[in-house]
Amino acid sequence: MDRTGSAGATVAEVTAELAALADPKVRAVNEKHGDDHAVNLGKLRALAKRLKTQQELARGLWETGDSAARLLALLICRPKAFGHDELDAMVREARTPKVHDWLVNYVVKKSPHAEELRLAWFGDPDPVVASAGWALTAERVTKRPEGIDLAGLLDVIEQEMKDAPERLQWAMNTCLAQIGITHAEYRPRALDIGERLEVLKDYPTSPGCTSPFAPVWINEMVRRQRDA
């Protein structure tokens with residue numbers, strides 16, 4: 001039986017609408033980044049705005065396993081309504097980078113279980129799950145650094161980031177940059193680690209965007225803060 005949200009939309013109706021919005025050209029572009037959804041994200045957000053928050057519908061859409069349906073689910077869910085074990089399972093099921101990214105940023109970060117999950121995921125043997133722990137740690141570094149061992153984080157980054165799998169490496173690099181941006185006392189070491197490891201140094205960056213190479217990222221954000 002289809003789960004139905006409070007506004008009456010069923011999983012079958014919504015997935016049919018998503019199928020109608022699918023564009024092979026969008027899928028082709030996304031596949032270059034490891035994603036497989038074929039719906040333009042602007043159209044997906046417009047659909048989410050129309051559906052509004054519907055937790056049961058969101059759960060049903062997630063259960064389909066379809067990436068576009070899962071992205072929509074993450075836009076219409078109630079982040080605080082998911083349990084600890086439910087979120088843990090969802091992170092392990094999130095196959096593609098975009099679904100994983102939205103799940104962590106739009107849902108887990110707003111969950112009352114975020115800190116407990118951060119600690120559980122941080123050293124997980126699955127590098128994608130561990131990357132979620134690092135993403136949550138970067139959030140703590142920026143917004144609530146009390147109790148975070150910043151020097152210890154830099155030790156781990158220095159030892160492990162260079163050879164880490166791509167998504168874990170990206171999350172570690174983000175954490176490195178945030179330490180350098182928000183904690184002046186650790187900035188020289190963060191810059192030094194970034195320069196020596198050269199992670200993402202040659203990453204292609206669009207005009208007007210800041211490079212993810214940590215030294216460039218740190219210096220640019222510090223300059224903006226200084227000039228603000």
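Visitor: Is F122 buried, partly exposed or exposed?
Guide: F122 counts as partly exposed, because its relative accessibility is 26%. Keep in mind that this is a predicted model.

Visitor: Where is F122 in the chain?
Guide: F122 is in helix α8, which covers residues 114–122.

Visitor: And what is F122 in contact with, leaving aside its neighbours within four places in sequence?
Guide: The contacts of F122 are then A130, G133, W134, T137 and L153.

Visitor: How far is F122 from L136 in space?
Guide: The C-alpha atoms of F122 and L136 are 8.7 Å apart, and 14 residues separate the two in sequence.

Visitor: L153 was on that list. Which residues of helix α10 are buried?
Guide: Helix α10 runs over residues 150–160, and its buried residues are L150, G152, L153, L154 and I157.

Visitor: What covers them?
Guide: The cover over the buried residues of α10 includes α8, α9 (127–143), α11 (166–182) and α12 (187–197).

Visitor: New topic. How many salt bridges does the structure hold?
Guide: There are 19 salt bridges in the structure. In general, side chains of opposite charge can pair when their charged atoms come close.

Visitor: Which residue does R189 form a salt bridge with?
Guide: R189 pairs with E158, and their closest N and O atoms are 2.9 Å apart. R189 is in helix α12 and E158 in helix α10, so the pair ties together parts that are 31 residues apart in sequence.

Visitor: Which residues are linked with R189 in a network of salt bridges?
Guide: The network links R189 with D155, E158, D192 and R196.

Visitor: What about K143 and E139, how far apart are they in the helix?
Guide: They are four residues apart in helix α9, so about one helical turn separates them. K143 counts as exposed at 60% relative accessibility, while E139 counts as partly exposed at 25%.

Visitor: Which residue does R70 form a salt bridge with?
Guide: R70 bridges to E93, with the closest N and O atoms 3.5 Å apart. This pair links distant parts of the chain, 23 residues apart: R70 is in helix α5 (residues 67–76) and E93 in helix α6 (residues 84–93). R70 counts as buried at 8% relative accessibility, whereas E93 counts as partly exposed at 36%.

Visitor: Which residue's face does R70 lie over?
Guide: R70 lies over the face of W62, at 4.2 Å from the ring centre.

Visitor: On to rings. How many aromatic pairs are there?
Guide: The structure holds three aromatic pairs. One of them is W102 with Y106: the ring centres are 5.1 Å apart and the planes meet at 35 degrees, so the pair is tilted.

Visitor: Where do W102 and Y106 lie?
Guide: Both lie in helix α7 (residues 97–107), four residues apart, which is about one turn of the helix. W102 is buried, with a relative accessible area of 3%, but Y106 counts as partly exposed at 27%.

Visitor: Last one. Where does pLDDT stay under 50?
Guide: Over residues 1–6, for which the model has 18 contacts beyond four places in sequence. The chain as a whole averages a pLDDT of 95, and 96% of the residues score at least 70.

Note on methods: Residues are numbered from 1 along each chain as its sequence is written. This is a predicted model: local features need pLDDT of at least 70, side-chain atom pairs count only at pLDDT 80 or more; totals for chains, interfaces and linings use all residues. Side-chain values use heavy atoms; hydrogens and water are left out. Rings of Phe, Tyr and Trp (its six-membered ring) pair if their centres lie within 6.5 Å; planes under 30 degrees apart count as stacked, over 60 as edge-to-face and the rest as tilted. Helices (H or I, at least four residues) and strands (E, at least two) are DSSP runs, numbered from the N terminus. Buried means under 20% relative accessible area, exposed over 50%, partly exposed in between (1.4 Å probe, protein chains only). A charge sits over a ring if NZ of Lys or CZ of Arg is within 6 Å of the ring centre and within 35 degrees of the ring normal. pLDDT is the predictor's confidence in each residue, from 0 to 100. Contact means heavy atoms within 4.5 Å. A salt bridge is a side-chain nitrogen of Lys or Arg within 4 Å of a carboxyl oxygen of Asp or Glu.
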